Amino acid sequence: MDIELLTIGKTGSTYLQTGIDDYCKRLKRYIPFSIKTLPDAKNTRKLTEAQQKEAEGRDILAAVGPADLVILLDERGKEYTSVEFSDFINRAMVSGRKRLVFVVGGPYGFSPAVYDRADGKVSLSRMTFSHEMVRLFFTEQIFRAMTILRGEPYHHE
C-alpha cells in the first residue's frame with residue numbers, strides 16, 4: 001500500500017520542511033510514502049470562505065482516485081493514541097486498497113463534497129495547529145506507526 005499526504009499550499013517554514021523531509025526519508029525504509037501539494041486557490045481575497053473551500057475541494061477530489069481510501073485530517077475526526085493509530089494503519093494496509101490518502105484541507109477546512117467523498121476522519125488533537133505544523137506532526141506519526149508495527153524501540157509506552 002502507498003500512503004500519501006495530500007495538502008493545500010506549500011510549507012513556507014524552512015525548519016518545518018527540514019523536519020518533514022527527515023521523516024519522509026526515514027519512512028522510505030517501511031512503506032511508499034509521499035506528500036502531494038496542491039496549489040493554493042487563486043484570488044482568495046475575492047472569494048468567500050465557502051467559495052474557497054469549494055475551489056480547494058474540486059482540486060482535492062481531482063487528486064484522489066475512486067479506489068483510494070481517503071481520510072481527512074479534521075478536528076472533528078476520531079482521536080487515536082499512537083498505538084491505536086498504528087493499528088488503524090495496519091488495518092488499512094491489509095484492506096486490499098492500493099492507496100491510503102490523508103488530506104489536510106485549507107485554512108477553512110473542507111467543502112461538503114470532500115466530506116461526502118471521505119471514508120473517514122482523523123483528528124491529531126482537539127487543539128488547532130497551523131496547516132504547516134500538521135504536516136510535520138502527521139509525518140512523524142506515520143513514522144511512529146511504522147516503528148510500532150515493526151516492534152522497534154522508537155515509541156515508548
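Predicted model: local features only at pLDDT ≥ 70, side-chain atom pairs only at ≥ 80, totals over all residues.

Q: Okay, how many strands does the open sheet have, and in what order?
A: The open sheet has five strands, in the order β2-β1-β4-β3-β5, and the pairing is parallel.

Q: Which ones are the edge strands?
A: Those are β2 (33–38) and β5 (120–123), each of which pairs on one side only. Neighbouring strands of this sheet are turned against each other by 35° on average, direction ignored.

Q: What holds strands of a sheet together, in general?
A: Strands of a sheet pair through backbone hydrogen bonds, and the pairing can be parallel or antiparallel.

Q: Let's look at β1. How many bridges join β1 to β2?
A: Six bridges join β1 to β2, and the two run parallel. For a pair you can find on screen, take I3, whose bridge partner in β2 is F33.

Q: And what about β1 and β4, over how many bridges do they pair?
A: Five bridges, again in the parallel sense. Here L5 has F102 in β4 as its bridge partner.

Q: How many bridges join β3 to β4?
A: Strand β3 (residues 69–79) is joined to strand β4 (residues 99–104) by five bridges, and these two run parallel. V70 is bridged to V101 in β4.

Q: What about E4, is it buried or exposed?
A: E4, which lies in strand β1 (residues 2–8), counts as buried because its relative accessibility is 8%, and the cut-off for buried is under 20%.

Q: What does the side chain of E4 make a polar contact with?
A: With the side chain of R99, at 3.1 Å. Leaving out residues up to four places away in sequence, E4 touches S34, K36, R99, L100, V101 and F102.

Q: New topic: helices. Which strands does helix α5 lie across?
A: Helix α5 (residues 131–149) lies across β1, β2, β3 and β4, and runs at about 170° to β1. α5 has 19 residues and reaches 27 Å from its first C-alpha to its last, close to the 27 Å expected at 1.5 Å a residue.

Q: What comes after α5?
A: α5 is followed by G151, whose phi is positive, near 70°.

Q: Now α3. Which of its residues are buried?
A: In α3, the buried ones are S82, F85, S86, F88, I89 and A92. Seen down the axis of α3, they fall within an arc of 155°, so the buried residues line one face of the helix.

Q: Why would residues spaced like that point the same way?
A: An α-helix has 3.6 residues a turn, so residues three or four places apart point the same way.

Q: What covers the buried residues of α3?
A: The cover includes β1, β3, β4, β5 and α5. As for its length, helix α3 (residues 82–93) has 12 residues and reaches 16 Å from first C-alpha to last, close to the 16 Å expected at 1.5 Å a residue.

Q: Can we zoom in on F143? Is it buried or exposed?
A: F143 lies in helix α5, and F143 is buried, with a relative accessible area of 6%.

Q: What does F143 touch?
A: Not counting residues up to four places away in sequence, F143 touches Y23, R26, L27, Y30 and Y154. F143 and K28 are 115 residues apart in sequence and 9.5 Å apart in space, C-alpha to C-alpha.

Q: Where is D68?
A: D68 sits in the loop between α2 (49–63) and β3. D68 is buried, with a relative accessible area of 8%. A polar atom of the D68 side chain lies 2.7 Å from the backbone nitrogen of G65.

Q: Which residues is D68 in contact with, leaving aside neighbours within four places in sequence?
A: Those are R97, R99, V101, R117 and D119.

Q: Last one: is R126 buried or exposed?
A: R126 is exposed, with a relative accessible area of 73%. R126 is found in the loop between β5 and α5. The C-alpha atoms of R126 and E75 are separated by 5.8 Å, though the two residues are 51 apart along the chain.

How values were computed. Residues numbered from 1 in each chain as written. Heavy atoms only, no water. Helix = DSSP H or I, 4+ residues; strand = E, 2+ residues; numbered from the N terminus. Buried < 20%, exposed > 50% of the residue type's maximum accessible area, 1.4 Å probe, protein only. Polar contact = N/O pair within 3.5 Å; in protein donor to acceptor, adjacent residues only side chain to side chain. Contact = heavy atoms within 4.5 Å. Pairing = 2+ DSSP bridges. Axes fitted to C-alpha atoms, helices over the stretch in contact; angles between N-to-C directions. Expected span 1.5 Å × (residues − 1). Arc of directions from axis to C-beta.
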